[in-house]
Amino acid sequence: MSLSDKVTELGAWGLENGHRALLAITGGRFPKRVLGMQTLELHTIGRKSGQRRSTMLTAPIYGPDRVVVVASKGGHSDNPDWFKNLAANPDVEITVDDVTTPWTAKAATPEEKARLWPQITRAYSGYEGYQKRTDRDIPVVVLTPR
């Protein structure tokens, strides 16, 4: 693993655990949004363990019929584990404001990603930098209610 990937993983770990700590300290009241994006907790089933796994994410596109998340991992050279898990089992759950609901996840096709990407980068321009930082095509995930 490159030094850049190690730094990216450490940063992602710090952001996720800092977010969880703030939610715990404030009784779930803060932060509801990060950088203007809806925060959520995504629950997947581990592709190897079969255990429920959870990760804190932001959604640049968030609505009652569709949620879009980006498997950027800060521009790391590998996809995040949560993405690998939902690719193996697309039945996921999302928790927002202490309410957990079932969703189905699917990686956007190249055409869908091309349509969504301008909206995503308007919500958070950092995604553009993440894509430039890595050789992999960063997946965009579309979630729909199950």
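This is a predicted model: local features need pLDDT of at least 70, side-chain atom pairs count only at pLDDT 80 or more; totals for chains, interfaces and linings use all residues.

Q: Which share of the residues counts as buried, and how much area does the protein expose?

A: Burial is judged from the relative accessible area of each residue, with under 20% as the cut-off. Of the 146 residues here, 43% count as buried. The protein exposes about 8,100 Å², and 55% of that area comes from carbon and sulfur atoms.

Q: What do the contacts say about residues 24 or more positions apart?

A: One looks at how far apart in sequence the contacting residues lie. Among contacts with a separation of 6 or more, residues 24 or more positions apart account for 64%.

Q: Which strands pair with β2, and over how many bridges?

A: Strand pairing is read from the bridges and from the direction in which the strands run. Strand β3 (residues 52-59) runs antiparallel to β2 and is joined to it by eight bridges. In this pairing, glutamine 38 stands opposite alanine 59 of β3. Strand β6 (residues 91-96) also pairs with β2 in the antiparallel sense, over three bridges. Here histidine 43 stands opposite glutamate 93 of β6.

Q: What lies between β2 and β3?

A: The two strands form a hairpin, with six residues between them. Glycine 50, in the turn, has a positive phi of about 75 degrees.

Q: Which residues other than glycine have a positive phi, and where do they lie?

A: The backbone angle is read first, and then the place of the residue in the chain. Lysine 73 is one example, with phi near 50 degrees; it lies in the loop between β5 (67-70) and α2 (81-88). Aspartate 97 is another, with a positive phi of about 55 degrees, and lies in the loop between β6 and β7 (99-107). Aspartate 97 counts as partly exposed because its relative accessibility is 48%, which falls between the cut-offs of 20% and 50%.

Q: How many aromatic pairs are there, and why is the pair of tyrosine 124 and tyrosine 127 edge-to-face?

A: Two values are read for each pair: the distance between ring centres and the angle between ring planes. The count comes to four aromatic pairs. The rings of tyrosine 124 and tyrosine 127 have centres 5.1 Å apart and planes at 90 degrees, so this pair is edge-to-face. Tyrosine 127 and tyrosine 130 are also edge-to-face, because their planes lie at 80 degrees, with ring centres 6.0 Å apart. Tyr124, Tyr127 and Tyr130 form one aromatic cluster.

Q: Where do tyrosine 127 and tyrosine 130 lie, and are they buried or exposed?

A: Both belong to helix α4 (residues 126-133); they are three residues apart, so about one helical turn separates them. Tyrosine 127 is buried at 4% relative accessible area, and tyrosine 130 is buried at 18%.

Technical notes: Residues are numbered from 1 along each chain as its sequence is written. Side-chain values use heavy atoms; hydrogens and water are left out. Two strands pair if DSSP finds at least two bridges between them. Helices (H or I, at least four residues) and strands (E, at least two) are DSSP runs, numbered from the N terminus. Buried means under 20% relative accessible area, exposed over 50%, partly exposed in between (1.4 Å probe, protein chains only). Contact means heavy atoms within 4.5 Å. Accessible areas come from the Shrake-Rupley method with a 1.4 Å probe; for residues, only the protein chains shown count as cover. Rings of Phe, Tyr and Trp (its six-membered ring) pair if their centres lie within 6.5 Å; planes under 30 degrees apart count as stacked, over 60 as edge-to-face and the rest as tilted.
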